[in-house]
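Me: I would like to go through some of the labels on this model with you. Could you tell me what stands behind each one?

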Amino acid sequence: MKIDPRIRGFICTTAHPVGCAMNVHLQVQYVKKNGPIASPAKRVLVLGCSTGYGLASRIVSTFACGADTIGVSFEKEPTETKTATAGWYNNRAFENEAKAAGKKAITIDADAFSFETKANVVAAIKEHLGQVDLVIYSMAAPVRTDPKTGVTYRSAIKPLGGKAKIKNLNTDKGEIFDAEMEPATPEETAATVKVMGGEDWELWIDALAEGGVLAPNFLTLDYTYLGSEMTWPIYWKATLGEAKKDVDRAAAAIRAKRGKAAARVVALKAVVTQASAAIPLVTLYGAVLIKVMNEMSLGEGCIEQIDRLFRTRLWKADAPPLDEDMRVRLDDWELSDKVQTEMRRRWPLLTTETLPELGDLPGFRSEFLKLFGFGLAGVDYSADVDPRIVPAIA
């Protein structure tokens, strides 16, 4: 069948198996080109491994650090007539690349929030890796069922305390418009913390520790985004920010329980991901940020960010110090004075008419489509493909 992108709102309902394989291959080639990384992490668990920063972490772990990996994600398989999710294709493509490199790559497609999945992952670690040196938590789900109570919670992207007037972007039409968002209720805020806070990260570390599969000097990372003042009304000073603050709380709790160097929150930059594309205001901010940072030769996507994290922060004696909340900061380029000064200059000037000059909507759209395997050089999108097969890219 011929597979074309089908966009509905902020999601693409199709994915291209060859395109996804090419996207993974190009990331692997980028990491290989940068050379090996001296890392003690040779056995790595990535929770939320199929896209974005999680996928990039698995790629860097294997192809720069020489690690064997286990990845966990919740994806939809393909049928003869329907495509899988992009993450399913990414996982298979990564497995092909890792196998060719002689590295173990075990992927478990399951609900990472459940106790059953945690038990199955512990068993898989015992069977294939023995223990893990590095645990990366990179989950981005809108819904979570508490495994202790069976109650299902849904996150809400809303401001706190009062209505928020924001500048927003219709990415399909390229139109900028003003929007007003209603504030979250206390119940919505609490639910967002339940879904996107640090509780599940803590449960994972407890399960791994109780299963005896954490190496003595293990490190666990949880990725976060803090953002700039322009995004705070809908991010840091909103329901999402409350969830992110709970991740900081969880990191401190894990360190208190497991050792002062055991857990770190890593603040990363704004990039185009399936999750970020759903957040009002952030899409417009991202379209402008892409142009500003590229003009300053500071542009980074997920693979560039994680490669820099592993190379310059995690195991380097001369790495920049942690911030006051004990976070590792990889959003330093985005939040630098020169980038934010230019962002603040452009922000009040943004209109539908000025967007082509001040931002890069085509670049934003291109990065979005690549997440689903579309728009990559070297892929024949006119060809008939079997949606059940992910080819190995030479």
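Me: Why is T192 called buried?
Reply: The term buried means under 20% relative accessible area, with exposed over 50% and partly exposed in between (1.4 Å probe, protein chains only). T192 has 0% relative accessibility, so T192 counts as buried. Keep in mind that this is a predicted model, where local features need pLDDT of at least 70 and side-chain atom pairs count only at pLDDT 80 or more, while totals for chains, interfaces and linings use all residues. Residues are numbered from 1 along each chain as its sequence is written, and side-chain values use heavy atoms, with hydrogens and water left out.

Me: Where does T192 lie, and which residues does T192 touch?
Reply: T192 lies in helix α5, residues 186-196; helices (H or I, at least four residues) and strands (E, at least two) are DSSP runs, numbered from the N terminus. Leaving aside residues up to four places away in sequence, T192 touches R154, S155, A156, G197, T239, L240 and A243. Contact here means heavy atoms within 4.5 Å.

Me: What makes L330 buried or exposed?
Reply: L330 is at 1% relative accessibility and therefore counts as buried. L330 is found in the loop between β13 (328-329) and α10 (337-346). Among the residues that L330 touches are A267, L268 and R308. L330 and V266 are 64 residues apart in sequence, yet 7.0 Å apart in space, C-alpha to C-alpha.

Me: Why is α8 described as largely enclosed?
Reply: Twelve of its 14 residues are buried, so α8 is largely enclosed by the rest of the structure. The buried residues include V282, Y285, L289 and M293. They pack against β9 (164-170), β10 (175-181), α10, α11 (355-358) and α12 (361-370).

Me: What is the phi of each, L281 and S297?
Reply: Phi of L281 is near 75°, a positive value in a residue other than glycine. S297, which follows α8, has a positive phi near 60°.
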